[in-house]
Amino acid sequence: MQFTVPVAASILATVVSLGVAVFAWRRRRMPGAVPLAAFTVATAVWTGGNALQIASTSLGAKLFWVDVQYVGTVVVPLAWFAFACEYAGREEWVTRRSLAVLAVIPAITILLAWTNGYHHLVRTSAELATVGDTVTIQREFGPWFWFANFYSNLVNAAGTVLLLHGLVRSRRLYRIQTLAVLAGTTVPWVGGTLFYNGLIPVEPEVFFGVSALTFALAISKYGLLDIAPVGRHTVVEEMDDPVVVLDDDRIADANPAAADLFGWRDADAAIGVSTDEAFAGCPEFERQYDTDDAIDELSVEDANGREREFDVQFTPLSERAVDAEILLLKDVTSVKRHEAALERQNRRLERVGHTIAHDLRNPLNVAQGHLELGRETDVDVDDHLAKVDDAHDRMDDIIEEVLAMARDDETARRDPHSVGDLAERAWANVETADAALAVDEGVGVVEANDSQLASVFENLFRNAVEHGGPDATVRVGALDDGGFYVADDGPGVPESDREEVFEQGFTTRSDGNGVGLAVVADVADRHDWRVAVTESEAGGARFEFRGTDGVCTVAQ
């Protein structure tokens, strides 16, 4: 055995290659990790075999380790090509079938190398020579060796072209990684070509020490396999959510979705641009970005004029790679709209419960009152029963109405109805004691759902009696500008409360529930009317109804 500098260099390359292989295998779930592990194991076989070949002093031992080297020699280009495909996002090119086809020539090469004594297609001759104090082997290569060498170079070149293409397309974040990987494979490839053509005396295996060191550098310092542009085109470029990499208040990387949101010509146009300039097209985001407060949510109008909602996330990039952070704007527009729809549905269901509890009380009280009157006297029993029947019909209408509200049925049937006639029918459904209703002539006709409009009148009438007393007077009349009003002579609504009086739960009575006027406002909204409360001529409350275009009734 002899120990020389090339032996030491080959042993070092073997150890580092095996270390890289172990590291890559532990991350085998990451794209590119398995081919990288195969590549570095193959280089370890190649360089380890070379170390033992140089250390051996007999021809038989040297030839044995040369043949062992062929196992690594033919696997290196295949593993390199597979790694390049996965690293550049071309995983679909690496299938069992494609690898099997590519492995045909390498498999034949291994077979011919180990059986060379029968055909001499790989080596035509081999003999020992002494150079100084070192015993070396001199070989003449056969035709299959040169064919296999050409094939390996071709496969290596294909993988290198893929990485060069990725290098051109990649952003600064990935270029150092790619350059390190390219250097690690190009140096021994060029060295091997020069050696086998007799241009340099240094065997190519020694150069694999460079490969091992550059891969180790790319992994330890530049986050190879931790931060790799693997599948970037499909994972980032095709994302609907904007992604921006920020580096010292400048744009280091971005995807097309970010370009659309911020109004850039394209993603590449923003690379290297300051954040102030890049975000100027989205003032809402720029204002929040320039503040010290953390941004969690963002509502913006994008370059196409669409209102969009985003959850904003800032995530530090790998500390070992670059001092940067990723800005991810998760589009939650549809989620927010769904949440708003659920909130509206919940409010509708809440109104349904309140309406059932509130509006059914009116006809129920009427029915109970007439039943009691019917039991107490034999006079006009049929008339009392008719009133009870009318009250039950009204309860049935209310139930249908609240079911439509629960379904958010905005298409409830609307027909022309006389405001005066409907008001008088609604008056009969309310316990009004000695109160009086006055309906002006010519109050007009309204296009409305009769059940819902009846609910408006019933709630206003009941409020008038409750606040104005059993002898209150209620008047329904026409407005000069095409609407109608309901007025009473009670205490009225204080001016300070007129903005809140239609809100759910607002009441000025200790025993009130704040439902009636909320129902009135809801029905008005469903009919595209505006309702306002003012002071009546008698000093009481006056509720005025107008259409959004100023008109909601037509003359009779």
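A: Arg 546 has a relative accessible area of 19% in this predicted model, so it counts as buried, the cut-off being under 20%. Its side chain meets that of Glu 544 in a salt bridge, at 3.0 Å from N to O. Glu 544 is buried as well, with 11% relative accessibility. The pair belongs to a network of salt bridges that links Asp 481, Arg 542, Glu 544 and Arg 546.

Side chains of opposite charge can pair when their charged atoms come close. The count for this model is 9 salt bridges. One of them joins the side chains of Asp 440 and Arg 475, at 2.6 Å from N to O. Asp 440 is partly exposed, at 25% relative accessible area, and Arg 475 is partly exposed at 37%.

Another salt bridge is formed by the side chains of Arg 526 and Asp 522, at 3.3 Å from N to O. These two residues are 4 apart in helix α20 (residues 516-526), a separation of about one helical turn. Both Arg 526 and Asp 522 are buried.

As for confidence, the protein chain has an average pLDDT of 78, and 71% of the residues score at least 70.

Terms used: Residues numbered from 1 in each chain as written. Predicted model: local features only at pLDDT ≥ 70, side-chain atom pairs only at ≥ 80, totals over all residues. Heavy atoms only, no water. pLDDT = per-residue confidence, 0-100. Salt bridge = Lys/Arg side-chain N within 4 Å of Asp/Glu carboxyl O. Buried < 20%, exposed > 50% of the residue type's maximum accessible area, 1.4 Å probe, protein only.
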